Amino acid sequence: MKINNARNNILNRLKTSLKSESEPVAHDVPDSLDWGVDDRLLHFNKQLQAANAEVHDATKDNWLITLKHICSTKRLKNLLFSPATPWGAQILERSYEFPTFKHFDYPIDEWKPALFDGIDAAFTSTHGGIAETGTIILWPDTHEPRLISLVPPVHIALVEKTEIYSTFADALKTQNWIKTGLPTNILLISGPSKSADIEQTLTYGVHGPKELVIILV
Amino acid sequence: MTTEFRKHIQHALTQREVQANTKNVVNRLRNHRRAALSDQADWQRLRRQSTAIRTHAVDKLPQLLELLEDKLTQNGIRVHWAETTEQANQIVLTIMQQHNASFVIKGKSMVSEEMGLNHYLKAHGIECLESDLGELIIQLANEQPSHIIVPALHKNRKQIARLFHTYFPATPYTEDINALAQSARHFLRHKFATAPVGLTGVNFMVAETGTLCLVENEGNGRMCSSVPPVHIAVSGIEKVVEHLSDVPPLLRMLTRSATGQSITTYFNMISSPRKPDEKDGPLEVHLVLLDNGRSRIYNDLELRDTLNCIRCGACMNHCPIYKHIGGHAYQTVIPGPIGTILEPQKSGLNLYGELTQVSTLCGACREVCPVSIPIPKIINRLRWEYIRQSACNIPGAGSGKKKTEAIVWKIWAWSCVHPVVYNRIGRTITNMRSLIGRILKKISAWTAVRSTPKLTKTTLHERLKALKIEDK
Ligand code: SF4
């Protein structure tokens, strides 16, 4: 009762306040940048590397070799991924070449302890990238829940070169997020977890992944 | 008389270590910002755009809040309204109690600081644990944040090393920043996994889609909002924007102004609780919308600009006073120039009226503010409201009025329009210049640390006359 009053009181105060008609928003800042495919790739790479992420150039035909190489150099004992995505299905097909395959196909409550303790790395697909800031876009879903890109110490993400947009504004416009409708959660990730809370000195892997590895195809 | 407030400032000025730490960090933040916004023309355009977005959103605040509530509710997020911090605390407590939760893990939230939430919940037997590295440091030290972006900027690695060694005795003493961060990671991981409730702030709320946006680097905000079965977000009512397309420009300005980053590591957009076919994420998401004086500020078109703030902290990084006295001397939740205008309006000039004097009006804050808040102009306005009885609705208006001061100004104003008297006073002061010099040297806080200005033998009017310059 009291709380409902709070709502009405606040809104009433705001509605009976003095009116001011502000100017409409100026659109003199372009949503997109005049970059070709190569420029976008270049910036995407440069920004991610500056943020301490690893970027591997591959193709749709040979990316599994790149992934295998990443797994062996990092000595990963296991890899969490979803076989239900097209990319995950490809890994599964050749699973004998990869570290132990992990997959959780039930609600988090049953796999929380296992996720927090014992997963070396997770692989996810992405919803594209942003060149200007070196960002990957994730739309977590039932196959690739949001925590798999957060809890394991290494996050390996696959980005399609044709899905790299120049800016964030460009991405949400071109992919038409408003019309598609926003999913439960969207994540923009621009490097491994970091903090500068002590003396403004950078340190990596504070709570999220210590390493972010991008495979470009 | 030295007031409590001035005593705090004097004390702060003796804290050499805090001063050194503060200067070190704000200088770095300033350099990073400058590097990120070096193109002046670009910066002006971006600022115009961000200012327009925020001004427009604030002007449409009641409509946008209703739209936001509608959309969030449709999306399954529960919206709660609080007029006061007490109500907001009660709402959080009730949610906690409904889940029999005795522990909440927190992401960084200045609104929760404004609510005094940790303290309130503790009094009700609920433990709050901060998970942002900076917030954790100050929680362990039992202090308040001294900066809105870098809460523990007043502490150096040695102090933090001692603190961590006391609280995590199992980990060996180290001054290595990576090792310190890793002990926090280690300590908090289990807490994230077991917390029944996570609580975070909000950076932007998008009305047209019903989306809560969180900006962070560490991943603790993601942890708090995705691992526990219940997520509570707390926000001031002013954080709403109308369109999804408003978010990219604001995000760009926020991170560049705050730390010079082109984007933070994580930008987290939450539009609903876990859906039936999804495997993780909270089953319940709550948003607590806090007023606490904001709707009152809203009613004054000049003061309304205060609500445009996106909490980037640039104004404090560029404030000559903040740099010297540090955040704690302000004795407010939000320090620095934005705190100077916001806190007296929220809590009353009777409490924080003196704060309006903590400014040289140099205008640096206005120069760097990404949403062009005219901070010096608002400070001047508040100084005026502090000493006059007016119809304005800021609590405590007129509480700083002093009779003697008022009389002195009246005499001064009167003498200004009576040239004979004015010139007489001028001559008398000039005659007594050596005595006045000695008195000034003894009593003034200004002359205690600076050379006393020397009064000349002739007044300005006398000199003009001697130079045969017309003196009207
Ligand atoms: S007043 Fe302006 S500069 Fe200061 S924190 Fe707010 S947005 Fe940033």
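The model is predicted, so local features need pLDDT of at least 70 and side-chain atom pairs count only at pLDDT 80 or more, while totals for chains, interfaces and linings use all residues. Residues are numbered from 1 along each chain as its sequence is written, chains are lettered from A and ligands numbered from 1 in the order in which they are written, and side-chain values use heavy atoms, with hydrogens and water left out.

**Where the chains meet**

The table gives the totals for the contact.

| Item | Value |
|---|---|
| Residues from chain A | 78 residues |
| Residues from chain B | 95 residues |
| Area buried between chain A and chain B | about 7600 Å² |
| Share of that area from carbon and sulfur atoms | 56% |
| Salt bridges between chain A and chain B | 9 salt bridges |

Contact means heavy atoms within 4.5 Å. Buried area is the accessible area (1.4 Å probe) that two parts lose on being put together, summed over both. A salt bridge puts a side-chain nitrogen of Lys or Arg within 4 Å of a carboxyl oxygen of Asp or Glu.

Asp291(B) and Arg13(A) form a salt bridge, with their closest N and O atoms 2.9 Å apart. On chain A, several elements each supply at least two residues of the side that touches chain B, among them α1 (2–15), α5 (108–116) and β9 (185–189). Helices (H or I, at least four residues) and strands (E, at least two) are DSSP runs, numbered from the N terminus. α1(A) gives the largest share of that side, 10 residues.

**A sheet across both chains**

Two strands pair if DSSP finds at least two bridges between them. β9(A) pairs with β9(B), residues 266–270, in the antiparallel sense over 5 bridges. Here Leu187(A) stands opposite Asn268(B). β9(A) also pairs with β6(A), residues 135–138, in the antiparallel sense over 3 bridges. There Ile136(A) faces Ile189(A).

The open sheet has 8 strands with mixed pairing, in the order β8(A)-β5(A)-β6(A)-β9(A)-β9(B)-β6(B)-β5(B)-β8(B). β8(A) and β8(B) stand at the edges, each with a single partner strand, so one side of each has no neighbour in the sheet.

**Around the ligand**

The residues around the ligand include Cys309(B), Arg311(B), Cys312(B), Cys315(B) and Cys369(B). A residue is near a molecule if one of its heavy atoms lies within 4 Å of it. By class, the shell has 10 nonpolar, 1 polar and 1 charged residues. Ala, Val, Leu, Ile, Met, Phe, Trp, Tyr, Cys and Pro count as nonpolar, Asp, Glu, Lys and Arg as charged, and the others, Gly among them, as polar.
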